[in-house]
Amino acid sequence: MTMDIKIVKDQQAGGQAGYQLFADALDAGANVFGLATGSSPITIYQALTASDLDFSDKISINLDEYVGLSATNPQSYHYFMQEHLFNQKPFKHNYLPDGLATDAEAETSRYDRIIENNPIDLQLLGLGVNGHIGFNEPGTAFSELTHKVALTPSTIAANARFFADPNEVPKYAYSMGIASIMQAKHIVLVAYGENKAQAVAQMIEGPVTEAVPASALQNHANVTVILDEAAASQLQK
Ligand SMILES: N[C@@H]1[C@@H](O)[C@H](O)[C@@H](COP(=O)(O)O)O[C@@H]1O
């Protein structure tokens, strides 16, 4: 088992723990940060923006973006990242998939080139209630690089809370694949709350299976998992 599991009191403490890993990565010379959206990383972004860490000569590469949403759409992941991090903490360059790209093949290979040219030092991840990472839904081949994904009904339902009208929730996304994620030198996954407990247990203690995308992380040499007690509650050890 190569996963380092940190159980923290709450999301605030998780933010500090995540912040420390970013600070350590900068000290160690990291240049490229893989970033994630969702509610779980927010306290890390808060701790980063409150700090004096300097990312102005660093690169960020985001995991995913909804298909059909422009960068200026408040529901887009571009917008989320501007709001929660980039406006306060400028990077030299921020890469995200282009939600408006209509040629999926061209867009996903463009993104793969970006990752190839900018190997990710630290990749931050949240965890879907069904065990997804990025937008790699259960059943996604571990060999996938960036790809266009049809979101599952459970993911669409989980994301509906951010949309005024549930019918506006996009049905597709561009996402880094499991193979893209696994290339990162260090992976930091954050999960909080009871509703993540089953996915957390399957990710860490279950079989490595494409039915649980996050279980692929058991095959990575350097993973840190930040959990609160509730998210850790179904772990056996
Ligand atoms: N594409 C994102 C994932 O990257 C994220 O990990 C997940 C969980 O989000 P939350 O942290 O809000 O529970 O939501 C979305 O599906």
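**Notebook: active-site residues, sheets and core**

I began with His132, which sits in the loop between S6 and S7. Helices and strands here are DSSP runs numbered from the N terminus, with at least four residues (H or I) for a helix and at least two (E) for a strand.

Before going on I noted the conventions. This is a predicted model, in which local features need pLDDT of at least 70, side-chain atom pairs count only at pLDDT 80 or more, and totals for chains, interfaces and linings use all residues. Residues are numbered from 1 along each chain as its sequence is written.

**Entry 1: His132 and the active-site record**

Leaving aside neighbours within four places in sequence, I found His132 in contact with Glu137, Pro138, Thr155 and Pro213. A contact means that the C-beta atoms of two residues, placed from the backbone, lie within 7 Å.

I then checked the record. An unreviewed UniProt entry places the feature "active site" at Asp64, Asn130, His132 and Glu137. UniProt positions are given in the numbering used here, feature names are shortened, and annotations may be inferred rather than shown by experiment. The contact list of His132 includes Glu137.

**Entry 2: Asp64 and strand S4**

I moved to Asp64, which lies in strand S4. Asp64 counts as buried because 23 C-beta neighbours fall inside 10 Å. Neighbours within four places aside, Asp64 is in contact with Tyr77, Pro97, Gly134, Phe135, Ala173, Tyr174, Ser175 and Met176.

I looked up what S4 pairs with. S4 is joined to strand S8 (residues 172-175) by 3 bridges, and the two run antiparallel. Two strands count as paired if DSSP finds at least two bridges between them. Tyr66 has Ala173 in S8 as its bridge partner.

**Entry 3: the open sheet**

I traced the open sheet of 3 strands in the order S4-S8-S7, with antiparallel pairing. Strand S4 (64-66) and strand S7 (147-150) are the edge strands, each pairing on one side only. On average, neighbouring strands of this sheet are turned by 25° against each other, direction ignored. For such angles, axes are lines fitted to C-alpha atoms (for helices, over the stretch in contact), and angles run from 0 to 180 degrees between N-to-C directions.

S7 is joined to S8 by 4 antiparallel bridges, and the partner of Lys148 in S8 is Tyr174. I compared the faces of S7: His147 and Val149 are on the covered face, Lys148 and Ala150 on the uncovered one. In a regular strand the side chains alternate between the two faces of the sheet.

**Entry 4: Asn62**

I checked Asn62, which lies in strand S3 (residues 59-62). Asn62 is buried, with 24 other C-beta atoms within 10 Å. Beyond four places in sequence, Asn62 is in contact with Leu35, Tyr77, Met81, Tyr95 and Leu96. Tyr77 is also among the contacts listed for Asp64.

**Entry 5: strand S10 and its partners**

I found S10 (residues 223-228) mostly covered, with 5 of its 6 residues buried. Strand S1 (residues 3-8) pairs with S10 in the parallel sense over 6 bridges, and Met3 has Val223 as its partner. S9 and S10 are also parallel, over 5 bridges, with Val190 opposite Ile226.

In helix H2 (residues 42-50), I listed Thr43, Ile44, Tyr45, Ala47 and Leu48 as buried. The buried residues of H2 pack against helix H1 (11-27), helix H3 (77-86), strand S6 (122-125) and strand S9 (186-191).

I asked which residues of the largest nonpolar core touch the most other members. They are Leu127, Leu189 and Val200, out of 62 residues. Such a core is a set of buried Ala, Val, Leu, Ile, Met, Phe, Trp, Tyr and Cys residues joined through C-beta atoms within 7 Å. Leu189 touches Leu125, Leu127, Leu217, Val223 and Val225, not counting residues up to four places away in sequence.

**Entry 6: the whole chain**

The protein chain has 7 helices and 10 strands. Buried residues make up 43% of the 237 residues.

Terms used:
Buried ≥ 20, exposed ≤ 12 C-beta atoms within 10 Å, placed from the backbone.
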